[in-house]
Amino acid sequence: MQLLFYRLIAWLPFPLLYAAAWLAYLLLYHVFRYRRQVVADNLRQAFPELEEREVHALARRFYRHLARVAFEILKAQRMTRDDFRERVTLENPELLREYSNNFTESVIVLTIHQGNWEWMLHGATTALDIPIDPVYKPLHNEVVDKLIYDIRAQFGSRPLSMDASTRDILKRRREVRIFVMVADQAPIRSERSHWTAFMGREAAFYLGTEIIAKMTRFPVLFAQCHQQGTGRYSIEFHEVAKPPYDKESHEITEAYVREIERAIRAEPHSWLWSNRRWKRDHAAEEARAEEEARAEAEARDEKDSIAAGD
């Protein structure tokens with residue numbers, strides 16, 4: 001039933017699609033109050049200069065955008081290559097051409113949950129004659145995960161799950177492809193991460209992209225999605241890093257974070273503020289790690305003491 005609903009949404013013409021999205025916004029914001037406190041807190045922390053009325057105005061604008069994007073992603077099921085060529089344009093494809101040596105070498109493209117991150121993939125795929133493989137983190141809802149996978153793969157892209165991406169990229173490193181990674185969400189504690197200042201607070205970021213770039217020596221670009229009007233977007237590429245890389249530094253991740261901040265400040269309403277991006281506490285995690293290490297050391301000492309007594 002859930003999948004049928006999503007399929008039916010895709011058949012709506014755009015005027016009805018956006019009317020339905022407006023209704024969804026009203027329900028999300030005013031009725032269900034979906035993560036309103038999370039969004040408001042994130043905005044207050046990121047933009048301390050805003051007055052409270054400005055925070056709420058920006059939050060409402062975000063929810064309207066979120067609803068439209070959700071319905072646009074579902075609409076992608078019924079959209080053609082020509083539809084995407086009309087609605088998503090590339091502002092500076094020459095930078096991607098330069099970094100890929102005229103599309104003869106692979107490139108890693110980092111982006112964020114801004115604008116319509118799913119339409120970005122199709123806009124670039126239909127505009128460029130090169131395979132584009134997105135790396136994704138599987139969703140908990142299996143029905144939605146399969147639906148999104150199919151949407152991403154519909155024009156020949158080969159989505160790679162995050163767990164399998166490193167091995168796949170290294171195994172097929174001689175094949176010319178563009179790898180797209182949306183890496184602005186918080187990694188879980190067990191994943192290798194780098195802590196840095198982000199929008200006024202300390203936050204953890206995945207190190208996977210940086211590790212892959214250094215192992216493959218692929219250059220890295222940032223793709224920003226600009227909203228040009230309802231249902232229309234453009235993609236602008238920015239330099240992040242290119243080899244040779246410093247193996248000891250986190251230059252790639254740091255440059256990526258600075259690009260994220262610049263993009264968010266340019267169009268704050270269109271980033272995914274409902275994500276609990278700052279839920280991890282660096283100081284608390286370090287204290288917990290020290291406590292765990294101390295407990296393990298004491299357990300070893302006690303075991304050695306018992307063994308010596310025997």
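**Briefing on a predicted single-chain model**

Arg 35 sits in the loop that runs between helix H2 (14-31) and H3, where helices (H or I, at least four residues) and strands (E, at least two) are DSSP runs numbered from the N terminus. This is a predicted model, in which local features need pLDDT of at least 70 and side-chain atom pairs count only at pLDDT 80 or more, while totals for chains, interfaces and linings use all residues. Residues are numbered from 1 along each chain as its sequence is written, and side-chain values use heavy atoms, with hydrogens and water left out.

**Backbone in the loops**
- Arg 35 has a positive phi of about 50 degrees although it is not a glycine, and at 29% relative accessibility it counts as partly exposed (buried means under 20% relative accessible area, exposed over 50%, partly exposed in between, with a 1.4 Å probe and protein chains only).
- Phe 103, in the loop between helix H6 (93-99) and strand S2 (107-111), also is not a glycine and has a positive phi of about 60 degrees, and Phe 103 is buried, with a relative accessible area of 17%.
- The peptide bond from Pro 243 to Pro 244 is cis, with omega near 5 degrees, and Pro 244 lies in the loop between strand S9 (232-241) and H11.

**Helix H3 and its neighbours**
- Within helix H3 (residues 36-46), the buried residues include Val 38, Val 39 and Leu 43.
- The buried residues of H3 pack against helix H4 (52-75), strand S7 (201-206) and helix H11 (251-266), contact meaning heavy atoms within 4.5 Å.

**The chain as a whole**
- The secondary structure comes to 12 helices and nine strands, and buried residues make up 49% of the 310 residues.
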